[in-house]
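Let's take a walk through this one together, going from the overall layout down to single strands. Have the view open and follow along.

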Amino acid sequence: MTVATTNTATASGQKLDVGKQRRARITGAVMIGLALLVLLVLGVDGGEQATFRLSRPTDTWVLPDLVVPAGPFNYVAATVLAFLGARQFLQGGVRWTSLSLGFGLAILVMAFLVWATAGKAFSLTGMLQATMVRAVPIALGGLAGVLCERVAVVNIAIEGMLLAGAFTGALMGSLLGGWGGLVAAVAVGGAFGFFLAALVVTFRMDQIIAGVVINLFVLGLTSYVSSQVFADLRHLNNAPVFRAWKIPVLSDIPVIGPMLFYQNIFVYGALILVAIATYYLFHTRSGLRARAVGEHPRAADTLGVNVYRTRYIHVTLGGMVAGFGGAWFTLGSVGRFDENMTGGRGFIGLAAMIFGRWHPVGALAAALVFGFADSLQQKLALLRTPIPSEFLAMSPYIATIIVVAGLVGKARPPAADGKPYVKE
Amino acid sequence: MDVELRGITKRFGPVVANDGVNLTIRGGEVLGLLGENGAGKSTMMNILSGLYRPDEGEILVNGKAVVFEGPGDGISAGIGMVHQHFMLVPVFTVAENVVLGVEPTGRLDYLDLKTAREQVREINDEYGLEVDPDALIENLPVGIQQRVEILKVLFRSADVLILDEPTAVLTPQEVDEFFEIVKSLRDAGKAIVFITHKLHEILEISDRISVLRGGRITGEGDPKTVTTEELAEMMVGRPVSFEVDKTPSQPGESMLEVRDLVVLRDNDEIAVDHLSLNVRSGEVVGIAGVQGNGQSALVEAITGLTRPVHGEILFQGADITRSSVRARHRMGMAHIPEDRHKSGMISNFTVAENMVLNSYYAPAFSNGPQIDWRRVNQTAAKFCVDFDVRTPSVFLRAGNLSGGNQQKMVVARELERETRLVIAAQPTRGLDVGSIEYIHERLIASRDEGDGVLIVSSELDEIMGLSDRILVMFEGRIVAEFDASKGPVDRNAVGLAMAGAAA
């Protein structure tokens, strides 16, 4: 028997290599391409300097500006990228493929920033703070997706739930004040979650269609009310906005202080919810059962776990999280509702969930990447780069396509994802 | 603990799955429950585990009548079931799977995996199961996964263990180890119900045997005195011969030649690893091996469903490595797929439609774009008669046929034409003895007409009975070859090769 086991070990090791090697080669080729891009397009000649502000004049501790010579920096960046790419390509470097790619992309973004900032000044602190803010609805959408898909319900309706939360937040916030609006938004999100669960769990409706139906319903209803009712009764669409709370001491940490500790309750809420969800899913009894329902509902059922109830609970919870995220658009930012103001953030949230491999922390990290691209796009418009900002706005989606198409390695959804469960 | 079933009857619509079944299960004893597929074994055990409620009759646990309302009730009464298809979450660890549903917890619903691991280790040591509680299920071989299922049942302090076809997925060596575990459980006072249709296994392990046919108990036997012939007759209802009648093979020219073939799975792992083989006209070549060692990928490559990444496939000397599936069909290749529901038939089509799935386009059935349904129906009716497909009409939905008749329909479609090479994957899986005999006869008949026949099966008995040459496949390679024409093959040697010992 010993002979057999050792055989198995070596053979399966070899088997894995074929696929990994191919992926490493593709990755290597892509990175060499990126190196050329940096060299030929972003390689600025002349001695221009890029200035990055690391703190604001009002900060307790003021850090000196970071000044980078643009041309040399990008030549170095191109060299590093080319080296990493060549290593992947030639060695078929089986190890560290994902890490090299991530590192390479980070270098690419830095090179791009340096190029765009050459000869100008740019506030890094401000952009990080904006990144966090813009990541919030995406992270909450992604977290809602994680909660639903971990119990194998595909929730396309997150977009609609965000929109419903935004609308309810504005309306009830105007009538009852900020906290009242927030509670109402969460409740309405939860109600839509429960409705989705009823459609797909009890009536076994196709999950994608049920989600699309909810999205269209919410879009139609809120657009109607905002154009017909809010136009005349403006006081119904004038909610207070939650201001940022400054956490003493911590918010004075240079660079990341304002990003993490000088924000409104939506940012703190998102961070806390991600932490709670992580603990819940991976360290509690209920979390284990929920994941079992998503992976192998029949097994869970034979062990006495109520599959239907578990799905109802988690999809409703997901809806509540999305409702909270939706309230960010109105109560956390502008205080009034506009037609379709979520603008597809719910779908990006789903992409963040996949990018983050169905893990709350992963979804948050992915949301930060998308939020970064979002705020970068806005700041670059100010820097007047030759690239139209619309193209920059596309970058998160391009990143999504690359990631979801599996360049970084196959992300594996819960095994029963999207499948209705029929008891025998 | 003793359990008694009295007069259990269960109906599904007009079908009577169990008809007045009486059965006694006693602690410290292995009860062998023998029956063909569809005899009502699984229904009865699902009643015992609480999944179904009987229409009539009662269940007595230690002499007291009990009523089970749901799947949890059987296990809380101490009756645990090890399903034929494992109920394990592949991405969870052994410990997580074992405690699921009855988890040890701390404050804040905290999942106490440390305690869980210790508890699993204790049971491990008590019964000599030797399973690592931290291993991920998906990384474990099936034999170990089965032990995890047993662990799950023991963890819930079951005294009665129902094992449903437990050896179907095991190699002969794993079966031996498994029997040791069953014996240690029995000696610890557990009551074991061992469900199977394999006669030699039931004789080896059981203390008592009950035979089920058509929903009724048709016989009981003492394993010390009863013979396999007697058991088979009780199970099938008539005398059965286990020998496949066949004359010595007369191999002719090469029909199929596979050279240095490499096939990848979807996830880029190597399924077939530089494999070469050949099948000559007039011989049956059997490929033995535990499922998942690349047999499916090999068959898919030969029949054109997957493209190999390396190597070549020759059919009657012509290179068909890149030929289309239809081209291979036309050259006379017949393919009986391993899973008839997935790739052998369309359940929602009628029998007639299914019969022409591979030939509807031929001039015999088509006028340009139009199908000549009269001809199709007539031909299908003839096929049904020729191949003993028992159906009231060719217009019946194929999904409504019994498994045996569905498979005979697939076999009829594939063999009722000029064939030169027959590829049969798991041709008799899950069928009744009558259908198995019939399909085996047909495969031998094809051989005797001069076809090359390649059979892939995980049932070693089937391979041993039919093949003129036996190849053993392990991890994508042929690791052993046995020539059956020169005298009987050593069953044990084949089993060892299946476990990879010869590699």
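This is a predicted model: local features need pLDDT of at least 70, side-chain atom pairs count only at pLDDT 80 or more; totals for chains, interfaces and linings use all residues.

**Domains, cores and sheets**

Residues are numbered from 1 along each chain as its sequence is written, while chains are lettered from A and ligands numbered from 1 in the order in which they are written.

Where they meet, eight residues of domain 1 of chain B are in contact with ten residues of domain 2 of chain B (contact being C-beta atoms, placed from the backbone, within 7 Å). On the domain 1 side of chain B, that makes three nonpolar, four polar and one charged. Here Ala, Val, Leu, Ile, Met, Phe, Trp, Tyr, Cys and Pro count as nonpolar, Asp, Glu, Lys and Arg as charged, and the others, Gly among them, as polar.

Chain A splits as well, into domain 1 (2–119) and domain 2 (126–404). Their C-alpha centres lie 31 Å apart, and the contact takes eight residues from domain 1 of chain A and six residues from domain 2 of chain A.

How do the chains meet? 26 residues of chain A are in contact with 25 residues of chain B.

Now for the inside. The largest nonpolar core has 183 residues, and those with the most contacts inside it are Ala139(A), Leu143(A) and Ala352(A). Such a core is a set of buried Ala, Val, Leu, Ile, Met, Phe, Trp, Tyr and Cys residues joined through C-beta atoms within 7 Å. Buried means that 20 or more other C-beta atoms, placed from the backbone, lie within 10 Å of a residue's own. Helix H4 (residues 124–149) of chain A gives the most to this core, with 14 residues. Leaving out residues up to four places away in sequence, Ala139(A) touches Ala270(A) and Ala352(A), among others.

Back in chain B, look at strand E13 (residues 284–288), where five of five residues are buried. On one side sit Val284(B), Gly286(B) and Ala288(B), and on the other Val285(B) and Ile287(B). E13(B) runs parallel to strand E20 (residues 452–456) of chain B, joined by four bridges (strands pair if DSSP finds at least two bridges between them). Val285(B) has Leu454(B) as its bridge partner in E20(B). E13(B) also pairs in the parallel sense with strand E21 (residues 469–474) of chain B, over four bridges, and there Ile287(B) is partnered by Leu471(B).

Finally, find the open sheet of six strands in chain B, ordered E6-E7-E8-E3-E9-E10 with mixed pairing. Strands E6 (79–82) and E10 (216–221) of chain B are its edges.

Technical notes. Domain bounds come from an automatic or database domain assignment. Two residues are in contact if their C-beta atoms, placed from the backbone, lie within 7 Å. A residue is buried if 20 or more other C-beta atoms lie within 10 Å of its own, exposed if 12 or fewer, and partly exposed in between; C-beta atoms are placed from the backbone. Helices (H or I, at least four residues) and strands (E, at least two) are DSSP runs, numbered from the N terminus.
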